[in-house]
Amino acid sequence: MQKDKLPEVGTTIFTVMTSLAQQHNAINLSQGFPDFPCDKALKKAVQKRIEKDYNQYAPMAGVEILRKRIQKICQEHYGVHYDWEKEITITVGATEGLFCAIAAVVHPNDEVILFEPAYDSYAPVVKLFGGKIVPIALYPPDFQIPWETLKEKISSKTKLIILNTPHNPIAKVWTQEEIEQLWQLIKGRNIFVISDEVYEYIAFVPFFSVRQHSQLRERSFIVGSFGKSLHVTGWKVGYVLAPEPLTTLLRKIHQFTPFCVSTPLQYGIADYLTTHPDFYQKTLQLYERKRKLFLNLLKETRFEPLNCQGTYFMLLRYGHISTMDDVAFSQYLTKEVGVAVIPISVFYSGNYSDNIIRICFAKQDEVLIAAAKRLATL
Ligand SMILES: Cc1ncc(COP(=O)(O)O)c(C=O)c1O
């Protein structure tokens, strides 16, 4: 019998809740994807490229015009320079970018610091490459970074720190001061950083990217996703920004995983970004409106929203409604009330219990209105 490399990995809570939602005909606010279409012009841009026969392998690091477009956006939007040839790589969604970045730097017995609750695709990859997870829990209501604990947990074995801003599921955005504080703790040490910034354009407070920290960026992989920015999660097109030495390591892995990313999708996205340079304002306006709509709808319920600084997720406290733990309560909501949600305890590796669930508000207005109506019955 072959030994399982990831014995603790089973079916994810997202799959479980989605199938429960289907069984019970519940409104699905659990999984994080938009239920509305992307811009028609984006679909047309890709169709055009397919028709014009852009259908063979793309260059390993990504097509030139898309990488040049990302270089331009970094310059104009963030005021920073990343060289399209040496420092920008197109990946199969952020997920592949995260995989390759972790694989590039983690060796057996290296320690990797994760802030929990943590998005579920980091830890298994760290383990696959023999790394050891050192979790640091953040707690509601503010999910403050426990700087003293972080300082204590950093050791000579620490190789990597993974952060996520804006953060899924807690909707926190790291401030410039927090990024600077992180730098102060790791400078002078051989520690790398992965900053998962897939929700970079969905921040309702000022967003400071790790790429804007002139020293920290020299140690960092910044991971982005067009799936999130352009409402096309199923296309799985993402990117990684990293200084040349780190990009070289990352591409060695990328070259032998997918090798390259879908050609017409890359060209189509590049064409669309050229004709729609205001795409990120539109994305932000859309989610700002949906966030406000859902917050208003929640006033008719007994759920208490926690501060949502970014992403299209929101945490809701239900302590006034039930004493059930969050897994039981999420199942109850799905089966009995008809709204599927995600418990946040699943994002922690240790025991964690608080009466908080996560919802996704990247849904059509009618869906949010119908879900809130059901939640108001409690
Ligand atoms: C924090 C975070 N990182 C990465 C991803 C994966 O992005 P992609 O679909 O581009 O692989 C997600 C998707 O939900 C996410 O929430």
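Let's start in a loop. Phe143 sits in the loop between β4 (132–137) and α6 (147–153). Its phi is near 50°, a positive value in a residue other than glycine. Most residues other than glycine have a negative phi. Keep in mind that this is a predicted model. Every value I give is computed.

Pro117 belongs to the loop between β3 and α5 (123–128). The second case is the bond from Asn168 to Pro169. That peptide bond is also cis, with omega near 10°. Pro169 is in the loop between β5 and α7 (176–186). For context, most peptide bonds are trans.

Now the ligand. Which residues come closest to the ligand? They are Thr95, Asp196, Tyr199, Ser225 and Lys236, out of 13 residues that surround the ligand. By class, that shell has 5 nonpolar, 5 polar and 3 charged residues. Helix α4, residues 93–105, gives the most to the shell, with 4 residues.

Asp196 places a polar side-chain atom 2.6 Å from a ligand nitrogen. Tyr199 has a polar side-chain atom 2.7 Å from an oxygen atom of the ligand. Lys228 also has a polar side-chain atom 2.7 Å from a ligand oxygen. How much of the ligand does the protein bury? Taken alone, the ligand exposes 390 Å², and the protein buries 93% of that.

The structure holds 2 cavities of 30 Å³ or more.

Take the largest cavity. About 70 Å³ of space lies in it. Its lining has 13 residues. Nearest the centre of the largest cavity are Phe115, Ile162, Leu163, Asn164 and His167. Two strands, β3 (111–116) and β5 (158–164), each supply at least two lining residues. Strand β5 has the largest share, 3 residues. By class, the lining of the largest cavity divides into 10 nonpolar, 2 polar and 1 charged.

The loop holding Pro117 lies between β3 and α5. The loop holding Pro169 lies between β5 and α7.

Then the second largest cavity. About 60 Å³ of space lies there. Its lining includes Ile70, Ile73 and Cys74, together with Glu200, Tyr201 and Arg211. Phe226, Ser229, Tyr239 and Phe279 line the second largest cavity too. Helices α3 (64–78) and α8 (226–229) are the elements that give two or more residues to this lining. Of these, α3 provides the largest share, 3 residues.

Last topic: aromatics. The structure holds 20 aromatic pairs. I'll show one. The ring centres of Phe14 and Phe347 are 6.0 Å apart, and their planes stand at 65°, so the pair is edge-to-face. Where do the two residues of this pair lie? Phe14 is in helix α1 (residues 13–23), while Phe347 is in the loop between β12 (342–343) and β13 (356–360). The pair therefore ties together parts that are 333 residues apart in sequence.

Methods. Residues are numbered from 1 along each chain as its sequence is written. This is a predicted model: local features need pLDDT of at least 70, side-chain atom pairs count only at pLDDT 80 or more; totals for chains, interfaces and linings use all residues. Side-chain values use heavy atoms; hydrogens and water are left out. A residue is near a molecule or strand if one of its heavy atoms lies within 4 Å of it. A polar contact is a pair of N or O atoms within 3.5 Å; within protein, one must be able to donate a hydrogen and the other to accept it, and residues adjacent in sequence count only if both atoms are side-chain atoms. Accessible areas come from the Shrake-Rupley method with a 1.4 Å probe; for residues, only the protein chains shown count as cover. Ala, Val, Leu, Ile, Met, Phe, Trp, Tyr, Cys and Pro count as nonpolar, Asp, Glu, Lys and Arg as charged, and the others, Gly among them, as polar. On a 1 Å grid over the protein atoms alone, a cavity is a set of points where a 1.4 Å probe fits but cannot get out, and a pocket is an open set with protein on both sides within 12 Å along at least five of seven lines; lining residues have an atom within 4 Å of a point. Grid points are joined across faces, edges and corners, and a volume is the space filled by probe spheres set on the points. Rings of Phe, Tyr and Trp (its six-membered ring) pair if their centres lie within 6.5 Å; planes under 30 degrees apart count as stacked, over 60 as edge-to-face and the rest as tilted.
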